[in-house]
Each structure stands twice: as structure tokens, then as C-alpha cells.
Amino acid sequence: MNKVRIAVVGAGNIGSRHAHHIQQNIQTELVSVCDIQEERTRVFAAAGLPVFQQLEEMLQQVKPDVLSVCTPNYLHAPHTISGLQAGAHVICEKPMAISSAQSAAMMQTAADAGKTIFVVKQNRYNPPVQAVRQLLQDGSLGRIFVVNINCFWNRNSDYYQESTWRGTRAGDGGCLFTQFSHFVDIMYYLFGAVYCESGMIQNFNHPYTEVEDSGIFLLRSESGAFINFNFSTCSYEKNLEGAITILGEFGSVKIGGQYLNTIEYQHLRGQKLPDISIQAKSNDYGKYQGSMSNHDQVIQNVVDTLNGKGKAMTSDAEGHEVVRIIEAMYATARR
């Protein structure tokens with residue numbers, strides 16, 4: 001079986017993580033890396049890989065099977081479209097795009113090219129998330145009444161000074177796109193389509209950014225459950241929690257920890273979930289931490305799908321729906 005040849009555009013924190021997992025997987029080959037900042041690609045050049053500063057040049061010369069897009073938010077759509085038009089499947093980091101018009105264009109390009117977009121939503125692989133999703137799918141919780149989602153992280157001035165696009169409306173899009181799109185995705189993954197009833201956003205403690213740092217939203221699921229979604233990057237000095245609490249007819253359960261990495265509470269009718277607490281798989285970027293690092297499973301999902309042994313964990317249609325939900329939340333708050 002031939003290895004899946006993958007090239008990476010964007011060699012920052014997340015791009016380097018993608019490259020590592022591509023190199024670790026025996027079924028994939030890292031064939032090239034591209035970044036406009038030459039210093040970011042030097043370690044790959046030193047290892048003998050062809051490196052580029054222009055994406056189009058890399059696509060033309062290397063012709064990868066898959067392009068992994070790990071560039072800033074505002075470049076996800078154009079870089080994905082370039083990869084698709086060059087004949088590659090695409091792994092697109094979160095957020096899929098920063099507007100639903102962009103994500104719709106990406107979907108159309110993929111359909112026209114006969115290629116697949118794999119949207120990176122690695123928290124779907126978290127064992128606590130999978131365990132609770134199974135409860136919901138088999139009806140073990142009965143009717144769902146209330147859901148509470150808390151995303152309380154820290155992002156300080158050092159974080160925003162690392163890159164000029166961070167904290168800008170045009171480049172970043174806001175916290176729901178950059179920090180908390182994973183939590184919007186898990187809300188959608190667990191409860192399906194949701195509708196935003198009301199919301200508030202404000203910038204309390206980040207005057208050097210153009211976007212909000214906190215928000216509170218009330219949403220309703222298709223089944224009628226109330227969903228309270230709270231987020232902030234104002235947690236003092238470090239991340240506090242990323243948690244989802246579900247109150248249902250036949251039980252209550254809380255996925256907790258900082259990154260949806262534990263079953264923090266459960267009281268269920270006639271059953272008990274395994275005690276799950278994962279301590280060492282967050283994305284650690286030195287000055288800050290991000291969501292769970294399940295990118296090895298993301299890469300394996302690409303391999304399995306292209307070999308006809310599965311399907312994309314997060315399709316472009318699902319990624320598009322998450323972008324639409326975020327847009328609706330912002331629109332509600334800004335009315």
C-alpha cells in the first residue's frame with residue numbers, strides 16, 4: 001500500500017504538530033512544508049525536505065495527495081481552495097472558515113474537484129465525549145432538559161503579540177472562531193442543530209484586541225433543551241475549565257477538566273460510565289495551552305477514509321454548520 005503523501009502549509013505551532021504526527025504515522029509521508037516565514041521551515045529543510053514560501057509553487061512542484069492547512073484563520077478558505085483546485089484532498093484546521101460564505105465556497109470547490117475536506121475537530125475523539133455521545137444516541141439520558149457549557153481559558157498579551165492577525169476581526173474572527181470553535185462543534189456533535197435565542201459579548205480585559213474576550217449565550221436544541229454557553233479568555237493566569245454539564249430525564253453527567261478530558265460527575269439510572277481522566281494530551285504551546293491533542297487520530301482518519309475504511313470524522317458540511325452557528329451567535333449578540 002502506498003503511503004499518503006501530505007504537505008503542510010503553515011509551520012507555526014499547530015503546523016509543526018501536524019508535521020510531527022504525519023512523520024510518526026507509518027502510512028503517511030511528510031513530503032513538503034510551506035511558510036512565508038523562512039525561519040519556520042529551516043528545521044524541515046535541514047532534515048532534507050523540500051520547503052517553500054509560496055503555496056502555489058509547492059502544490060505545482062510536489063503535487064501532494066493531501067494538503068494540511070495550518071495557516072491563520074483568514075487564510076483557511078483561500079488555501080483550502082488552492083489545494084483542492086490543485087488536485088489534493090485537504091485537512092483544514094479549525095475554524096474551517098470565518099464566514100459561512102467562505103465555508104460554502106470551500107464545499108462547492110471540493111464537490112467540483114471530487115475531493116474531500118477533513119475539518120480538524122479533534123475533541124470529538126476525546127473518550128469522555130464519545131462516552132456521553134453514546135448515552136445520548138441510545139437514549140440512556142432520556143429527554144434532555146438543560147445543558148451548561150463553560151469555556152474559561154486564559155489568553156494574555158504575550159499570546160496576542162506572537163502574531164499580528166490574532167485578536168483582529170478580519171484575521172481572527174473572535175473567540176468563538178479561534179479559542180472556542182471546538183466547544184461549539186461538540187455542542188453540535190452532541191445535540192444537533194441549535195438556535196441562538198439571546199447573547200451578550202464584551203471585551204473586559206484585552207483592550208489591545210479588536211474582538212470580545214467574554215460571552216454568554218442562551219440557545220435551544222431541536223429537541224427543545226435549553227443550552228447555556230459561557231466563554232471567556234479572562235481566567236486569571238491559566239486555563240480554568242472546558243466543561244459540559246447535561247441534565248436529562250434519566251441522569252446527569254458532566255464532562256469536565258480544562259479540555260473536556262474527564263468525566264467529572266455522573267449520576268445515571270442503572271449504569272455507570274468508566275472513570276475517565278486524561279491528564280497529558282493537551283496542546284502545550286509553552287506560554288499557553290489549547291484543546292486536546294488528538295491529531296494522531298485526525299491523521300489516521302484521513303488515511304482510513306482515503307483507503308475506503310471509514311469516513312471523515314468531521315465533514316465539510318459539519319464544519320460549515322459550526323461556522324453558521326458561530327455567525328448566528330455573533331449576530332444575536334450584536335443586534
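Visitor: Hi! Where is S181 found?

Guide: S181 is found in helix α9, residues 181–191. Helices (H or I, at least four residues) and strands (E, at least two) are DSSP runs, numbered from the N terminus. This is a predicted model, where local features need pLDDT of at least 70 and side-chain atom pairs count only at pLDDT 80 or more, while totals for chains, interfaces and linings use all residues. Residues are numbered from 1 along each chain as its sequence is written, and side-chain values use heavy atoms, with hydrogens and water left out.

Visitor: Is S181 buried or exposed?

Guide: S181 counts as buried, at 0% relative accessibility. Buried means under 20% relative accessible area, exposed over 50%, and partly exposed in between, with a 1.4 Å probe and protein chains only.

Visitor: Which residues does S181 touch?

Guide: Not counting residues up to four places away in sequence, S181 touches K94, P95, K121, C175, L176, V322 and I326. Contact here means heavy atoms within 4.5 Å.

Visitor: What kind of peptide bond joins K94 and P95?

Guide: A cis one, with omega about -15°. P95 lies in the loop between β5 (89–92) and α5 (100–113). For background, most peptide bonds are trans, and most residues other than glycine have a negative phi.

Visitor: OK, phi then. What is the phi of K63?

Guide: Near 50°, a positive value in a residue other than glycine. K63 sits in the loop between α3 (55–62) and β4 (66–69), and K63 is exposed, with a relative accessible area of 55%.

Visitor: And what about the phi of L260?

Guide: The phi of L260 is positive too, near 60°. L260 is in the loop between β12 (251–256) and β13 (262–268), but L260 is buried, with a relative accessible area of 0%.

Visitor: Switching to sheets: what is the strand order in the open sheet of seven strands?

Guide: The order is β8-β9-β10-β7-β11-β12-β13, with mixed pairing. β8 (194–202) and β13 stand at the edges with a single partner strand each, so one side of each has no neighbour in the sheet. Two strands pair if DSSP finds at least two bridges between them.

Visitor: How many bridges join β7 to β11?

Guide: Eight, and the two strands run antiparallel. V146, in β7 (residues 144–152), stands opposite L247 in β11.

Visitor: Is V146 buried or partly exposed?

Guide: V146 is partly exposed, with a relative accessible area of 34%.
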